[in-house]
Amino acid sequence: MLIAPSILSADFGNLACDVKAICEAGCDLVHVDVMDGHFVPNLTIGPVVVSAVAKAATKPLDIHLMVENNTFFVDLFAPLNPEYISFHIEEEKHPHRLVQYIRSLGIKPAITLNPHTPPEAIEFLLADVDMVLLMSVNPGFGGQKFIGSVLERAKRLKALIEKHNPACLIEVDGGVNDKNIEELKEADVDIVVAGSYVFGNEKGYKHAIDSLKI
Ligand code: DX5
Ligand code: ZN
């Protein structure tokens with residue numbers, strides 16, 4: 001299991017220190033939640049702050065766009081050279097075109113699905129993406145309760161991935177902790193995003209990350 005701590009739950013007053021600390025603690029990716037106050041009822045960070053995150057990080061960035069105007073935001077963040085940029089299928093009229101565009105910028109394209117969106121909605125995009133991000137909470141906030149139906153969605157997605165693009169990874173985001181990590185592993189999930197569980201862990205970041213690496 002690869003671990004991508006979400007910096008949404010980091011201490012923004014000491015962001016560079018927190019980013020360095022999770023990288024030293026053994027995370028695999030640094031998950032960056034970009035919210036525009038329109039697609040979701042919250043507003044987070046733009047390229048100025050994320051460039052400081054990129055400087056502090058010794059692991060690749062995983063940028064999760066929760067925005068209305070995807071192409072505008074792809075253009076803002078592409079110069080920071082993230083490993084992945086994911087966008088929500090619910091907010092994109094031309095997802096096939098946007099996937100090709102992200103790849104043309106040298107970035108791995110990924111598609112995100114809200115908790116109600118069936119994996120079949122993206123069956124004919126799977127051949128062209130490197131990762132699918134399944135939301136296990138409604139996007140917008142950290143610290144929400146895990147929605148268990150993501151397990152069935154992951155299994156259905158895995159069957160479609162086997163058919164169309166076995167190299168495509170499955171990432172799950174929201175409410176992940178040491179209680180549900182086993183079932184996520186059984187559902188063939190490759191990467192988990194964890195915000196409040198990692199940054200709020202009383203035993204420290206390394207303990208939290210190690211407890212998810214099963
Ligand atoms: C929610 C974000 C998540 C969030 C996860 O919209 O996409 O990445 O930060 O936080 P936890 O792990 O606390 O649910
Ligand atoms: Zn996220």
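Guide: Let's start with a term: a residue is buried if its relative accessible area is under 20%, exposed if over 50%, and partly exposed in between, using a 1.4 Å probe and the protein chains only. This is a predicted model, where local features need pLDDT of at least 70, side-chain atom pairs count only at pLDDT 80 or more, and totals for chains, interfaces and linings use all residues. Residues are numbered from 1 along each chain as its sequence is written, chains are lettered from A and ligands numbered from 1 in the order in which they are written, and side-chain values use heavy atoms, with hydrogens and water left out.

Visitor: Is Leu 113 buried or exposed?

Guide: Leu 113 counts as buried because its relative accessibility is 0%. Leu 113 lies in strand 5, residues 108-113; strands here are DSSP runs of E with at least two residues, while helices are runs of H or I with at least four, and both are numbered from the N terminus. From C-alpha to C-alpha, Leu 113 and Glu 90 are 7.3 Å apart in space, and they are 23 residues apart in sequence.

Visitor: Which side chains make a polar contact with His 88?

Guide: A polar contact is a pair of N or O atoms within 3.5 Å; within protein, one must be able to donate a hydrogen and the other to accept it, and residues adjacent in sequence count only if both atoms are side-chain atoms. The side chain of His 88 has such a contact with the side chain of His 64, at 3.1 Å, and another with the side chain of Glu 90, at 3.0 Å. His 88 belongs to strand 4, residues 84-88, and counts as buried because its relative accessibility is 1%.

Visitor: How many residues surround ligand 1?

Guide: A residue is near a molecule if one of its heavy atoms lies within 4 Å of it. Here 20 residues surround ligand 1, and the closest are Gly 140, Gly 143, Asp 173, Gly 195 and Ser 196. Strand 2 gives the largest share of this shell, three residues.

Visitor: Which atoms lie by the oxygen atoms of ligand 1?

Guide: Among them, a polar side-chain atom of His 31 is 3.4 Å from an oxygen atom of the ligand, and an N or O atom in the side chain of Asp 33 is 2.8 Å from one. Gly 195 uses its backbone instead: an N or O atom there lies 2.7 Å from an oxygen atom of ligand 1.
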